[in-house]
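Here is a short report on a two-part model. Please look at the sequence and the structure first, then read on.

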Amino acid sequence: MSRETEGVTASWEVFLRPRRGLSHQHVGSVRAGDADMALEHARDLYTRRGEPLSLWVVRSADVHAASPTERDPFFSNAHHKPYRYPEHFTPLTGGGDHDDDD
Amino acid sequence: MVDTAEAIVQAAGGAADGEAAPDEEAAALAAHFEALLRAGETVEPRDWMPDGYRRMLVRQIAQHAHSEIIGMQPEGGWLTRAPSLHRKSVLLAKVQDEAGHGLYLYAAAETLGVDRADLLDALHRGQQRYAATFNHPALTWADTGAIAWLTDGAAVINQAPLTRTSYGPYARAMRRVCQEEAFHVRQGYDLMKALCEGTPAQREMAQDAVDRWWLPAVALMFGPPDTLAGGADARTAALGARVSAQAIAWGIKRHTNDELRQRFVDHCVPQARGLGLTLPDPGIRWNEERGHYDFGPIDWESYRGALADDSHTARRRVAHRVAAHEDGAWVREAAAAYAAREDAPEAAL
């Protein structure tokens, strides 16, 4: 049987929002011919338990990722900037940062 | 999409079309990979990895995925003969989980640059293996309980450390699998307990199932012996040790097969006692000095011989899988045709 008659279908990345208060999280992938089928497969595969709130599917080929080989130059905006952290500075007298919620 | 190691080497300025990259570049990539492992970080699909690492992962994940879907068969055969609607619902959910576990794993394997259609093809042609445990027939209803308690129990012991395996997508798939596997073992134990508290005939059926499933679980679910502790001769143990040592060095496995086998025996002895059943191994006794249960040596030679790949049940398992795949071809064709229809919102591929 050739690939064509096998009906090999596109790969879709699956994002699940498992409960209120959480963002959609990547949980895996499914193969499906179109978005509706991908949603149904993703439901069958990734939501057999719990009370999921929402499900997204995104064609795997539509995910554009930063190249790992260019990681250092690409993410260089974070390098050598220790002053972006509170620990870089003198602690407030008496401790705490005014951010305790009590 | 997944970058191959070659593509990354090429992108890093290395040679194209399969020529060796300059030594310096190759060494830098290898050093980065080793550093990830040493730091206990996961390796992700787009990271460079040695070919051997990729091959070992593809083989292990494919074997694992195949075992999940072939493993649906022994219990699946009992779905229409479950003794109550409750047991039937539970077994259906359990078998459905196994299909899901297979799919998680095929998806994880695909991040390594292989295609699930090729993996299934290799399974159907007998070029890739699945756990030989499932080449045993499930003869009675009690077998569904013994399989879930013992072979799924063995799987949990194998898989719990794999949630921390070095390859990210495999580790994440294992976390989902392990969360669901606990239900499998519990419902199997529950089923066995109901039989053990039933009529003498039911208790006898439970013992008979344990008698037949103990050895497949303890011998075959953990892979070949890789230390002398497994009862293997020195040569077999050394052979297994070499494969395990490489898998452990790469962080794919975290324990030897024989360590996990021992852990399994230690868990099962009190569980069997709780059921009032006897594990069919007269060599099982507590060893105060080791702090573990001793168990009888497994006669690997004669066991392997008795389990040749062309056994009746093995042929039936693969034939059933191939038939299911071929019978489902029209569904895949219809789905592809529907996706490719003229007024489709997007192309199929």
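How many of the 349 residues of chain B count as buried? The share is 38%. A residue is buried if 20 or more other C-beta atoms lie within 10 Å of its own, exposed if 12 or fewer, and partly exposed in between, with C-beta atoms placed from the backbone.

## Model and confidence

This is a predicted model, in which local features need pLDDT of at least 70 and side-chain atom pairs count only at pLDDT 80 or more, while totals for chains, interfaces and linings use all residues. Residues are numbered from 1 along each chain as its sequence is written, and chains are lettered from A and ligands numbered from 1 in the order in which they are written. The predictor gives the complex an ipTM of 0.76 and a pTM of 0.86.

pLDDT is the predictor's confidence in each residue, from 0 to 100. Chain B has a mean pLDDT of 88, with 89% of its residues at 70 or more. For chain A the average is 84, and 90% of the residues score at least 70. Two residues are in contact if their C-beta atoms, placed from the backbone, lie within 7 Å. In chain B, pLDDT stays under 50 over residues 1-18, for which the model has 29 contacts beyond four places in sequence. Where pLDDT is low, the predicted coordinates should not be read in detail.

## Chain A: layout

Chain A has 3 helices and 3 strands. From the N terminus on, their order is α-β-β-α-β-α. Helices (H or I, at least four residues) and strands (E, at least two) are DSSP runs, numbered from the N terminus. The radius of gyration of chain A is 22 Å, well over the 13 Å that the globule rule gives for 102 residues, so chain A is more spread out than a compact globule. That radius is taken over C-alpha atoms, and the rule is 2.2 Å times the number of residues to the power 0.38. The C-alpha trace spans about 75 × 40 × 15 Å along its principal axes.

Of the 102 residues of chain A, 22% count as buried. Among contacts in chain A with a separation of 6 or more, 43% join residues 24 or more positions apart.

## Chain A: two residues

Ala38(A) sits in helix H2 (residues 35-46) of chain A. Ala38(A) is buried, because 26 other C-beta atoms lie within 10 Å. Not counting residues up to four places away in sequence, Ala38(A) touches Trp12(A), Val30(A), Ala32(A) and Val57(A). Trp12(A) is 26 residues away along the chain, yet the two C-alpha atoms are separated by 6.8 Å.

His80(A) lies in the segment after helix H3 (71-74) of chain A. His80(A) counts as exposed because it has 6 C-beta neighbours inside 10 Å. Its phi is positive, about 55°, although His80(A) is not a glycine. Most residues other than glycine have a negative phi.

## Chain B: domains

Chain B has 14 helices and 2 strands. In chain B, 69% of the contacts with a separation of 6 or more join residues 24 or more positions apart. The domain assignment of chain B gives domain 1 (1-48) and domain 2 (50-302); such bounds come from an automatic or database domain assignment.

The centres of domain 1 and domain 2 of chain B, taken over C-alpha atoms, are separated by 34 Å. Their contact takes 10 residues from domain 1 of chain B and 11 residues from domain 2 of chain B. On the domain 1 side, the largest share, 3 residues, comes from helix H2 (residues 23-38) of chain B. That side divides into 7 nonpolar, 2 polar and 1 charged. Here Ala, Val, Leu, Ile, Met, Phe, Trp, Tyr, Cys and Pro count as nonpolar, Asp, Glu, Lys and Arg as charged, and the others, Gly among them, as polar.

Ala109(B) and Ala146(B) touch the most other members of the largest nonpolar core, which has 85 residues. This core draws at least three residues from each of domain 1 (1-48) and domain 2 (50-302) of chain B. A nonpolar core is a set of buried Ala, Val, Leu, Ile, Met, Phe, Trp, Tyr and Cys residues joined through C-beta atoms within 7 Å. Beyond four places in sequence, the residues that Ala109(B) touches include Val58(B), Ile61(B) and Leu119(B).

Arg315(B) is found in helix H13 (residues 312-327) of chain B. Arg315(B) is partly exposed, with 13 other C-beta atoms within 10 Å.
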